[in-house]
Amino acid sequence: MSKKFRTEKDTLGDYPVPADAWYGIQTARAVENFPISGRRPDSDFIIAHVRIKRAAAAVNQSAGVLESRLAKAITKAADEIIAGQYHEEFVVDRFQAGAGTSHNMNSNEVIANLANVALGGKKGEYKPVHPNDHVNMGQSTNDTIPTAIRLAALAKLPRLLEAVIGMADAYKKIAQRESKTVKSGRTHLQDAVPTTVGREFAAYAWILKRSAGQIRATIPLLCQTGLGGSAAGTGLNTVPKYAASVAKELARLSGEPIRAADDLAAQMQSMHDLQQLSNAIRALALELTRIANDMRLLASGPRTGFAEIELPAVQPGSSIMPGKVNPVMFEMLNQVCYQVLGQDHAIALMTQAGQLELNVMMPALGSALFDAMDWLTHAVNATTEKSLRGLKVDRDRCRELAHTSVGLATLLNTSIGYSAAAEVAKESARSGRSVRDIVADKGLMSTADFDRLVERAAIDGNISPPRR
């Protein structure tokens, strides 16, 4: 059965549009022009952009330049999209015309067609609501797309922050449970002084919460929009006080403290705030991948590695080695983090690629940022749920390695001095005997006293020097 089309007309002439589509001619042209990634717009971005259309209609209605009947129809259509309907009508590829004109018209056309049908009109006739004259009133791609990217990022931030804090809390819970579990510390991947699992995992929790704070600190930057700058930041075709009014309306609709930037043109040219957010996400990814590598090392084994922790078995680890279980969740987290680093690099290049009054890289920049935020959110949540919540610490293994560590010679510094302690360490490494036994043989300390010294050093780090 052949697909049916309707014919629409724009400044370039006639063009076929699928008869059942709520979008129109400019969207249809874009679909043909940009068969690139096969990826449609991000859902948060769709909602953010349509929310701008709704806010603009309200301000224009209040200013008396948009007929109340049309404004209400636009508002109703926008509310339906914001509620999750008609997202399948947003069909322009993420790699598209610079600045996002195609997506802007996709929104304008869908809203116009929905509004017109609700008012008794037909799809594609754009009467009485016109995509450009009414839905896009007082706006431009120049100011709506960067504003929508910021709003979409703000919508994603709580989910990302919740995921990171959730992982931090999981590490903190393990840290509290294992606060007195002694283990060997390692620096340069070599034996170091004794520490505790609690101290090690509490550090992970603190680091993740710091990363969350750095991400949260970008929110005030994202809340400053260039909306109202219209074309090139001139404010062309906007009503008096439009920028402040539409920012206030967006704040009401989004629940975010949105305000008009002090320089609208600057906030349309510069992607600095989005780059700052990407920087903070990159910093998080770097910490996450480092922590993931630590988890893989600590779980290595079960016989030939550290084997200090046991991760939940979530799937068989090999197609050829029976019984093998791998740290798959942390491996996945590594992969996501590396991809996020690539997205950040792309964002950096696109941030500097803007020219004069506009950055035409915005569609791909926004897509890269959205991917980074969503991927990390999902990866962190999955890892926390599948690996951290069921993580077990092998306390006996930790104690065994701690008490055979050559690094225990450091505990002798205050009693026999660094040089003598170094000789003990070298003898332990050479002979394979424990520092504990060598100390006892030399009459420096009983094995029981040495064990107590190790526990005290690991848990509170306080080793009083001998009295003279």
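Analyst: A helix here is a DSSP run of H or I with at least four residues, numbered from the N terminus. The model is predicted.

User: What makes α13 stand out in the lining of the largest cavity?

Analyst: α13 contributes 5 residues, the most to that lining.

User: Why is the space called a cavity?

Analyst: A 1.4 Å probe fits there but cannot get out, so the term is cavity. The whole structure holds 1 cavity of 30 Å³ or more. The largest cavity has a volume of about 140 Å³. Its lining has 16 residues, with Phe 45, Arg 94, Gln 96, Pro 363 and Phe 370 the closest to its centre. Two or more lining residues come from each of α6 (141–177) and α13 (362–388).

User: How many residues of each class line the largest cavity?

Analyst: The lining has 8 nonpolar, 5 polar and 3 charged residues.

User: What is the volume of the largest pocket, and which residues are the closest to its centre?

Analyst: The volume is about 550 Å³. Of 21 lining residues, Ala 299, Gly 301, Pro 302, Ile 309 and Glu 310 are the closest to the centre. β7 (309–310) and β8 (392–393) are the elements that give two or more residues to this lining.

User: Why does β7 (309–310) count as a strand?

Analyst: A strand needs at least two residues of type E, and β7 covers 309–310, so β7 meets the cut-off.

User: How many lining residues of the largest pocket are charged?

Analyst: There are 7 charged residues, alongside 10 nonpolar and 4 polar.

Technical notes
Residues numbered from 1 in each chain as written. Predicted model: local features only at pLDDT ≥ 70, side-chain atom pairs only at ≥ 80, totals over all residues. Heavy atoms only, no water. 1 Å grid on protein atoms, 1.4 Å probe; cavity = no way out; pocket = protein on both sides within 12 Å on 5 of 7 lines; lining within 4 Å. Points joined across faces, edges and corners; volume = space filled by probe spheres on them. Nonpolar A, V, L, I, M, F, W, Y, C, P; charged D, E, K, R; others polar.
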